[in-house]
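Me: I would like to go through this entry feature by feature. Please give the general idea each time, then the case at hand.

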Amino acid sequence: MKKEAQLDLYHQMVLIRRIEEQAAELYQQGKIGGFLHLYIGQEAVSTGLIAARQPHDRVITAYRDHGVAINCGLPANEVMAELLGKATGVSKGRGGSMHMADASKNFWGGHAIVGAHLPIAAGFALGDQYAGNDNVTICMFGEGATNIGFFHEALNLAQVWKLKVLWVCENNKYGMGTSVERASAVPEIRQKAEGYGMPNSRVDGMDVMKVYEAACDAIEKVRTESHPYLLEAVTYRYRGHSMGDPERYRKPEEIKQWQENDPIGIFRKQLVSKKTTSEKALDEIEARVTQEVAAAVEFAESSPEPELDDLFKNIYAES
Amino acid sequence: MAETVSMPKLGFDMQEGTLVRWVKNEGEQINKGDVLAEIETDKATVEVESSASGTVRKLLVGPGSVVPIGSPIAIVGSPDETITQPAIPPSVKKKKTAAKSEDVTPSKKPEVIQPEPALVLKSAVAAEQVPAGSETVKASPVAKRLASEKNLDLGRVQGSGPGGRIVRKDVEAVLAGGIGLRSAAGVPSFIGRGAQQIEARQDETLKLSKLRQIIARRMTESKVSVPHFYVTHEYRMEALLTQRKQMNEELEEGDKISVNDFIVKAAALTLREYPNLNASFAGDQVIRHGSINIGVAVAVENGLLTVVCQNSDQKPVWQIASELQEMVGRARAGKVKPEDIEGSTFSVSNLGMYDVENFSAILNPPEAGILAVGSAREVPVVKDGSLQVGWRMKATISVDHRVSDGAEGARFMQSLAKFIEQPWRLLL
Amino acid sequence: MSKITMREAISKAIWEEMERDPSVFIMGEEVGVWGGTYAVTKGFYDHFGARRVKDSPIAEAVIIGSAIGAAMVGQRPIAELMTINFAFSAMEHIVNEAAKLRYMFGGQFTIPMVIRAVGGGGRQLGATHSQTPDVIFAHFPGLKVVSPGTPADAKGLLKSAIRSNDPVLFIEHAAMYQLRGDVPDEEYTLPIGKSTVQREGSDVTIVTYCKGLELSMKAAEQLASEGIRVEIVDLRTLRPLDMQPVIESFKKTNRAVIVEEGWKSFGVGAEVASRIYEEAFDYLDAPVRRVAQDEVPLPYNRTLEQAALPQVEDVIAAVREVL
């Protein structure tokens with residue numbers, strides 16, 4: 001990967017981190033409503049993965065979607081505006097934190113019902129197969145979603161119909177507060193793909209370049225061999241499941257241990273040690289991000305509320 | 001020990017009665033069986049006898065009150081005992097016509113007998129006696145809207161819907177200048193037609209008698225809300241007339257049997273085979289009555305009453321004749337007893353004495369059938385291909401179409417012939 | 001005009017639309033090689049091939065979920081649920097995804113899909129296979145729910161549903177596939193969301209749809225012999241519900257009976273009656289009556305099942321009650 005591209009990945013990861021830290025603050029100020037699920041700690045997965053896609057490849061994920069949105073190229077301003085429920089938000093204030101999408105960026109949404117977007121992802125691939133193009137659908141989900149029926153119906157259908165889906169399981173160890181060992185019959189999610197005769201692999205989700213390489217490899221297989229593939233990325237979320245998580249299910253030492261493997265820290269070390277760039281250049285990126293986040297907050301706060309008259313707009317395409 | 005006298009049930013379809021007048025006042029002595037009050041039911045004004053002896057201690061309802069059956073109306077006891085007031089059920093309604101004697105609650109002073117209210121009909125309350133908006137009229141929303149648009153006072157409209165609800169057609173009937181409205185002099189025309197200024201003899205406005213009012217209401221209710229159908233049949237009368245002649249030759253004057261007595265018996269026996277016509281329509285069900293009680297229409301002064309021969313199918317013709325004769329006598333003398341006029345399940349109306357060939361009767365609610373009997377007449381008949389003279393009588397049954405259909409009515413009339421034309425069967 | 005069955009009308013609608021628009025395809029359990037469990041897609045597999053007539057695993061969630069996905073990326077799938085009773089296995093995708101994705105993402109997505117589902121009782125299939133849960137789906141804004149009562153309506157409405165850019169649940173009645181009716185030979189569509197007067201009268205309004213139309217027509221025929229003139233308004237679409245013909249008819253007759261095959265509680269009758277009370281209270285001459293299924297899981301035994309289902313006599317009795 002070229003230097004500029006690597007710096008861009010670094011920028012994305014830092015931007016995600018800072019936007020989410022800002023979002024947490026705004027949430028505590030009562031400016032963001034509903035649920036807020038932070039991606040902090042998992043940035044390398046989405047960043048490496050999305051970097052591996054072609055623009056015509058489709059991306060769909062679950063409700064922990066701010067990071068994926070940024071990686072797919074959704075403007076930080078509009079992401080922040082959506083968090084504040086503004087008319088300028090990516091979903092015009094109708095979706096909120098869990099429901100961000102931008103069809104023009106081939107980002108098909110954050111989806112809030114665990115596992116329910118997997119059949120829909122299979123449908124994207126079905127539509128592309130029907131159209132006869134070589135688009136790949138990248139479907140991300142947590143390990144918690146692999147215990148629900150939708151996962152199994154979707155993986156089975158994808159394999160039977162040879163649909164071009166890259167299933168990406170972000171195994172962050174906990175489905176809300178229940179550890180993978182307590183919820184899943186097999187702790188390694190990729191084993192579940194075996195049951196469907198589906199090629200699969202596991203990758204260190206804290207290392208963005210490793211994720212990128214694994215994703216490139218998997219996407220290539222899906223596209224050229226015309227079959228689904230399951231990639232399991234092992235990662236960790238530093239924050240609670242959502243705001244207000246009492247976190248009784250894990251010890252602070254565990255979080256601390258993972259934080260020593262912080263994906264941004266790891267990547268920064270790599271960039272500097274491989275002399276791809278300098279500390280100073282990276283600091284400049286961080287400073288740029290600080291400005292971008294401030295601008296995003298400014299944009300969001302000054303944006304108008306949706307029109308009350310538009311309450312019933314977009315229920316149907318045709319009334 | 002004080003005893004309570006309650007509103008008596010004077011018929012299977014009676015649900016409430018209107019207290020017309022107290023015959024005894026508080027403080028007066030009364031014996032069991034003495035007349036305590038006059039009440040009006042759906043069918044007539046009747047006297048209520050006291051069910052206890054002693055002093056009338058308390059009259060619990062005022063004249064004009066509509067009282068559900070079984071609700072207490074008076075307390076009879078010894079002059080000095082302490083009496084407790086039974087609760088008056090909320091369903092006791094005070095009629096507007098007796099608005100001054102409001103006290104269903106006991107008063108210390110002996111209650112003054114109110115003059116007999118002029119009008120006690122349930123829904124045809126005279127408009128001028130009802131302060132505007134003071135009474136909740138049971139009317140459907142569309143009826144209310146139409147009445148309001150045409151400036152029509154619904155208090156003056158007769159309801160024909162369930163429970164007496166005024167429905168659209170009732171209002172339309174009134175607006176069309178038809179039925180359902182109590183006419184009253186001095187009430188401005190609401191129909192909006194220009195008055196026809198033709199010099200003519202003055203109309204005479206007569207107050208309806210109570211009986212007339214009842215007939216008006218019941219017949220309107222019947223004709224408007226009950227779908228009638230009619231079946232006419234002609235009967236050979238030679239055998240019955242011969243039979244009657246023979247029997248009457250043996251009987252004293254005063255015990256003689258009329259043609260109608262035979263017909264009552266014949267109808268009763270035929271109804272045994274047609275329980276569906278000895279019935280009443282009741283919303284989503286039909287009540288088939290266990291007893292066959294034939295009501296006989298009797299013309300009385302300015303109206304008619306129906307006297308009832310209970311269990312007509314089980315009584316010999318001579319007994320039917322003698323009971324009917326007594327009841328008719330009482331009816332014409334204005335001394336009808338409650339039991340004379342209650343509980344009929346099927347009616348017979350006979351205009352034979354007026355040289356009537358045939359007519360149709362309006363059902364007597366809630367009965368499902370009524371037989372209208374014409375005169376037995378000597379008429380040309382065709383027998384074995386040649387013209388002869390014979391005695392024939394036409395009768396027409398009116399039937400509630402909600403309960404039965406034409407074919408059953410026709411079969412009934414055919415079966416009736418079996419008894420009328422072979423009258424020995426009536427004597428078995 | 002030809003007299004054809006409901007089955008033929010539905011089959012023709014799909015066939016014609018597949019011929020007309022290459023983005024239309026059909027998927028579901030046994031739609032292909034088998035020819036459809038109710039033979040609606042008989043001959044389709046041979047003519048259109050496996051690409052456009054897709055036999056799916058018995059997995060309702062992914063049948064509906066993947067149809068949603070395919071629709072979102074530009075195809076026009078017709079997803080068939082073998083019976084509407086199986087829709088509960090796909091409830092998430094019908095009511096939580098198909099009905100909401102467009103609105104929730106600010107109108108970015110369009111979901112031009114049809115879910116065909118066969119409903120209704122009366123065939124001794126027991127409680128789980130005999131339901132008429134139409135109103136459950138009609139409850140959700142975002143979904144369109146269509147259920148025709150005649151072959152002509154079925155064809156015209158299904159063609160509109162296939163061409164619609166919104167998700168449409170198209171409910172067919174299993175006991176009506178043999179019903180015959182006049183269907184225009186020429187190309188036509190009928191608008192979704194439009195109720196229609198199927199029989200004119202002046203004494204009482206029957207509001208109904210789907211199988212209820214058949215019952216109501218028979219009842220009206222019998223009542224006509226007594227001089228009772230029944231007007232029948234066929235809703236055809238439960239959502240969006242077109243009350244205008246109902247209210248117009250009701251203002252004329254002042255009396256209404258609502259006939260549906262589903263359970264009475266919280267049903268079509270409850271909804272339509274409420275709207276009549278709200279929109280035409282001053283035209284009421286009698287309380288609105290409802291004819292519906294008895295509140296019981298449908299039993300297998302034929303006598304019991306028929307006793308629980310609404311019958312022509314029930315419709316007649318209800319009409320008499322309001323007259």
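Me: In which hand, left or right, does H1(A) pass H2(A)?

Reply: A crossing is left-handed if the near helix is turned anticlockwise from the far one by less than a right angle, and right-handed if clockwise. In this predicted model, H1(A) crosses H2(A) in the right-handed sense. Helices here are DSSP runs (H or I, at least four residues), strands likewise (E, at least two), numbered from the N terminus.

Me: At what angle do the axes of H1(A) and H2(A) cross?

Reply: Axes are lines fitted to C-alpha atoms, for helices over the stretch in contact, with angles from 0 to 180 degrees between N-to-C directions. The axes of helix H1 (residues 3-28) and helix H2 (residues 43-51) of chain A come within 10 Å and cross at roughly 140°. That makes H1(A) oblique to H2(A); under 35 degrees counts as roughly parallel, over 145 as roughly antiparallel, 65 to 115 as roughly perpendicular, and the rest as oblique.

Me: Which residues of H1(A) and H2(A) meet?

Reply: Contact means that C-beta atoms, placed from the backbone, lie within 7 Å. From H1(A) come A:Leu9, A:Gln12, A:Met13, A:Ile16 and A:Arg17, and from H2(A) come A:Glu43, A:Ala44, A:Thr47 and A:Ala51. By class, five are nonpolar, two polar and two charged (nonpolar: Ala, Val, Leu, Ile, Met, Phe, Trp, Tyr, Cys and Pro; charged: Asp, Glu, Lys and Arg; polar: the others, Gly among them).

Me: In what order do the four strands of the open sheet in chain B run?

Reply: Strands pair if DSSP finds at least two bridges between them. The order is E1-E8-E6-E3, with antiparallel pairing. Strands E1 (3-6) and E3 (29-30) of chain B each have a single partner strand, so one side of each lacks a neighbour in the sheet. E3(B) pairs with E6(B) (residues 54-59) over two bridges, and B:Ile30 stands opposite B:Gly54.

Me: How many residues of chain C are in contact with chain A?

Reply: An interface can be read by residue count, then by element. Here 33 residues of chain C touch 34 of chain A. H3(C) gives the most to the chain C side, nine residues.

Me: What confidence does the predictor give chain C and the complex?

Reply: pLDDT is the predictor's confidence in each residue, from 0 to 100. Chain C has a mean pLDDT of 97, and 100% of its residues reach 70 or more. The complex has an ipTM of 0.94 and a pTM of 0.66.

Me: Which conventions apply throughout?

Reply: Residues are numbered from 1 along each chain as its sequence is written, and chains are lettered from A and ligands numbered from 1 in the order written. In this predicted model, local features need pLDDT of at least 70 and side-chain atom pairs count only at pLDDT 80 or more, while totals for chains, interfaces and linings use all residues.

Terms used: Contact = placed C-beta atoms within 7 Å.
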